[in-house]
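Here are some notes to read with the model open beside you. Take the points in order, and look up each residue as you go.

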Amino acid sequence: MKKNLITVIILALVVVNLVLTAVLTITIVPEVSKANELITKVCSAIDLDLQAGDTAGALSINVNDMVDYSLGDALTINLKDNGDGKDHFAVLTISLSLDSTNADFATYGSGDLSTYLSMIRSEVNTVVSKHTIDDMRNNEEAVKEEILENLQTLFKSNFIVRVNFSGTTYQ
């Protein structure tokens, strides 16, 4: 008799558990769907791009619409001390890829940034000098991305789509 009573109680508890699980599922699934829809709308509204900035900018522009602008002679920049007691520097030959279809391209001299050359070099110097020789060797793309972001902030435009190191020497 006790075995039958325990079996009935267990069966009742299983049924109650099943009903409560169904109720939870019915109430939670619509809310999760609404949350997913909201997240999708927010992401599309701000156009989140999970690619790196230089790659994303370069991918969205046809190569024929890019203009290469060289910063001239190589820049020699002192690097941050990495703790080995030696002074390190980078010699960089830098060029910028500009989007000729961007409205700001004409505003800033149609690819001739010579009037802004000292400001651009200063930004490059500021960014590169914050990094150690190991950063420059191992994570050059991140440094390029940081330079790109600073230049886009400086000009308050995204007509500069890529930073290129055509020549690099680290000492």
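Is Tyr116 buried, partly exposed or exposed? Tyr116 is partly exposed, because its relative accessible area is 23%; buried means under 20%, exposed over 50%, and partly exposed in between, using a 1.4 Å probe and protein chains only.

1. First, some housekeeping. This is a predicted model, so local features need pLDDT of at least 70 and side-chain atom pairs count only at pLDDT 80 or more, while totals for chains, interfaces and linings use all residues. Residues are numbered from 1 along each chain as its sequence is written, and side-chain values use heavy atoms, with hydrogens and water left out.

2. Back to that tyrosine. The structure holds 1 aromatic pair: Tyr116 and Phe155 sit edge-to-face, 5.4 Å centre to centre with 80° between the planes. For the rule, rings of Phe, Tyr and Trp (its six-membered ring) pair if their centres lie within 6.5 Å; planes under 30 degrees apart count as stacked, over 60 as edge-to-face and the rest as tilted. Tyr116 lies in the loop between helix 3 (103–107) and helix 4, and Phe155 in helix 6, so the pair ties together parts that are 39 residues apart in sequence. Phe155 is buried, with a relative accessible area of 4%. Helices (H or I, at least four residues) and strands (E, at least two) are DSSP runs, numbered from the N terminus.

3. Lys156 is found in the loop between helix 6 and strand 4 (160–170) and is exposed, at 73% relative accessible area. Its phi is positive, about 50°, although Lys156 is not a glycine. Why point that out? Most residues other than glycine have a negative phi.

4. Now the charges. Side chains of opposite charge can pair when their charged atoms come close. A salt bridge here is a side-chain nitrogen of Lys or Arg within 4 Å of a carboxyl oxygen of Asp or Glu, and the count comes to 5 salt bridges. One of them joins Glu146 to Lys130, with the closest N and O atoms 3.1 Å apart. Glu146 lies in helix 6 (residues 140–155) and Lys130 in the loop between helix 4 (117–129) and helix 5 (133–138), so this pair ties together parts that are 16 residues apart in sequence. Glu146 is partly exposed at 21% relative accessibility, and Lys130 is partly exposed at 45%.

5. Glu141 is partly exposed at 42%, whereas Lys144 is buried at 11%. Salt bridges that share partners join Glu140, Glu141 and Lys144 into one network.

6. Helix 1 (residues 2–46) holds Glu31 and Lys34, 3 residues apart, about one turn of the helix. They form a salt bridge with the closest N and O atoms 3.9 Å apart. Glu31 is partly exposed at 48%, and Lys34 is exposed at 53%.

7. What about the inside? In soluble globular proteins, nonpolar side chains tend to be buried together. A nonpolar core is a set of buried Ala, Val, Leu, Ile, Met, Phe, Trp, Tyr and Cys residues joined through side-chain atoms within 4.5 Å. The largest one has 29 residues, and Leu92, Leu96, Val124, Val128 and Ile147 touch the most other members. Strand 2 (75–78), strand 3 (89–99), helix 4, helix 5, helix 6 and strand 4 each give two or more residues to this core.

8. Zoom in on Leu96, which lies in strand 3 and is buried, at 0% relative accessible area. Not counting residues up to four places away in sequence, Leu96 touches several others, among them Tyr69, Leu113, Ile120, Leu151 and Val163 (contact means heavy atoms within 4.5 Å). With neighbours within four places set aside, Val124 is in contact with Leu71, Leu75, Ile77, Ile94 and Ile147.

9. Last, Val19 is found in helix 1 and is partly exposed, at 46% relative accessible area.
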